[in-house]
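Subject: Structure handover

Hello,

I am passing on the structure below, followed by notes on what was found in it. Please read the notes with the structure open.

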Amino acid sequence: VKYIYKGVEIEAKNLEEFMETLSKMFPEEAENINAFFEEAKKAYEECYMEAETYGVPLPAELIAKVFGGKKLLQYPKEHPHFYDWLKKTYKQKLDEYFKSSDLKSLLCALIGYVGLDPSKVPASSALTAVVSYYIYGGYFPKGGAQHFANALKKYIEDHGGKVLVNHRVDKILVEKGKVKGVKVGNKVFKAPIVVANANAKVTFLKLIGKEHLEKKFIDYIRSLRMSFSCFAVYLGVNMDLSQYPSIIVNLDQGYYVVINSNADPDLAPPGKASITIITPAYYHDFSERGTEGYLKKKRELADELIKKAEEIIPNLREHIVVQDAATPKTFERYTLTPEGAIYAFDQSIDVKRPYFKTPIKGLYLVGASTFPGGGVEAVVISGIICANDICNWVIHEP
Ligand SMILES: Cc1cc2nc3c(=O)[nH]c(=O)nc-3n(C[C@H](O)[C@H](O)[C@H](O)COP(=O)(O)OP(=O)(O)OC[C@H]3O[C@@H](n4cnc5c(N)ncnc54)[C@H](O)[C@@H]3O)c2cc1C
């Protein structure tokens, strides 16, 4: 990863290099840098302590249910570091260790992986999505994101399951507070258990319908704010960019250049590269898809981002072979998530996500709407929790 901050380029391949560079830049904070990462490592290990049993960390409600109330009471004592990160915002944690606002800004370079404002982002989320990146690195599905979905599909099919694509659920069927199945067009699929992976607003407000839910619950779901979205430009270029790092974060101008093919060379032919340039964006800043105003804005923003990226990769524009772009409205269109929100709901510390067990018997939530939140790893955790709960938390010996 390379960071560009106040015109200075900072590159680090691993935590040691990153800490060394930061310590040279901020010699008076060298000890604090060391202490910060030492604590972060301990907190991270504690966060995943229970993962030994079920493969995932659990929310407080489930710790009590699965391991007993005593375990929940002991949680602060057994997880002293992580418990502290749970109660604080990332800004509070940074303020505890550092004086330099430049150093703190640099340690927020990857904050976009969880939110945008360190004074609202829970320190625990920043730990697992941002600080862990410095410590353990980042991972990606080899061959692209679709390969991950394909692998899950294959696993389901290999174990006797069936995956139906192009089946948009119109209704989740409910009778007397119990789920009965789903309706797709005029086809009905009966089931005693339904696991909804659509956004919780869609699930409750559209697919279930308010006639089956209490007003208080409906008001709560309505009150949840969506997270930010982003604007992305996708490029295929006939340039060898292998000398660049995979991720370049320009903190001065608020965008990321990701050279996907540097992380995974299968994504572009030899001597060519696949690039994503991405910046935060908001749904309501874009007019209706397909209108003149929308298309103009999309073109202009793409153009602007390519121009900015040329400061990092000179003459990039001349080498473009394929170009596409996506707005929050594009993400909404393809993921069906309202507002094209990348992490479902706003992930601020004061937001309580819907619990994975719903007021409708037999209906479960998984995905970014529920614990632990947005991001691929997080939604996988939500799925594992749900599967364990449906199977009554039976421990399978390896
Ligand atoms: C541009 C972008 C970049 C991102 N980058 C990263 C990253 O680098 N790392 C990371 O960890 N996370 C990243 N994220 C976030 C991550 O992709 C999401 O948090 C995660 O994929 C959400 O998973 P999910 O299962 O909740 O929802 P989704 O992956 O959106 O899956 C929900 C599925 O439900 C389907 N669906 C919805 N409604 C219905 C219906 N009525 N009937 C049938 N099917 C329906 C949708 O079609 C969709 O396939 C990014 C997100 C975006 C948008």
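The second largest pocket holds about 380 Å³ of space. A pocket here is an open set of points on a 1 Å grid over the protein atoms alone, with protein on both sides within 12 Å along at least five of seven lines, while a cavity is a set of points where a 1.4 Å probe fits but cannot get out. Grid points are joined across faces, edges and corners, and a volume is the space filled by probe spheres set on the points. Lining residues have an atom within 4 Å of a point. For the second largest pocket there are 22 of them, and Met226, Ser227, Phe228, Tyr282 and Asp346 lie nearest its centre. This lining divides into ten nonpolar, six polar and six charged residues; Ala, Val, Leu, Ile, Met, Phe, Trp, Tyr, Cys and Pro count as nonpolar, Asp, Glu, Lys and Arg as charged, and the others, Gly among them, as polar.

The model is predicted: local features need pLDDT of at least 70 and side-chain atom pairs pLDDT 80 or more, whereas totals for chains, interfaces and linings use all residues. Residues are numbered from 1 along each chain as its sequence is written, and side-chain values use heavy atoms, with hydrogens and water left out.

There is one cavity of 30 Å³ or more. The largest cavity contains about 40 Å³ of space and is lined by Pro59, Phe356, Thr370, Phe371, Ser382 and Ile385. Four of these lining residues are nonpolar, two are polar and none is charged. Phe371 is also joined to Pro372 by a cis peptide bond, with omega about 0°. Pro372 is in the loop between strand S12 (363–365) and helix H16 (376–390); helices (H or I, at least four residues) and strands (E, at least two) are DSSP runs numbered from the N terminus.

Next, the aromatic rings. Rings of Phe, Tyr and Trp (its six-membered ring) pair if their centres lie within 6.5 Å; planes under 30 degrees apart are stacked, over 60 edge-to-face, and the rest tilted. The count comes to 23 aromatic pairs. One of them, Phe36 with Tyr97, is edge-to-face, at 5.5 Å centre to centre and 80° between the planes. Phe231 and Phe286 are stacked, 6.3 Å centre to centre with 5° between the planes. Phe231 belongs to strand S7 (residues 229–237), and Phe286 to the loop between strand S10 (273–281) and helix H14 (292–309). Phe231 counts as buried because its relative accessibility is 1%.

The charged end of Lys297 sits over the ring of Phe286, 4.9 Å from its centre. The rule is NZ of Lys or CZ of Arg within 6 Å of the ring centre and within 35 degrees of the ring normal.

Last, the backbone. Most residues other than glycine have a negative phi. Lys176, not a glycine, has a positive phi of about 45° and lies in the loop between strand S3 (171–175) and strand S4 (178–184). Lys176 is exposed, with a relative accessible area of 87%. Leu336 has a positive phi near 65° and counts as partly exposed at 41%.

Regards

Methods
Buried < 20%, exposed > 50% of the residue type's maximum accessible area, 1.4 Å probe, protein only.
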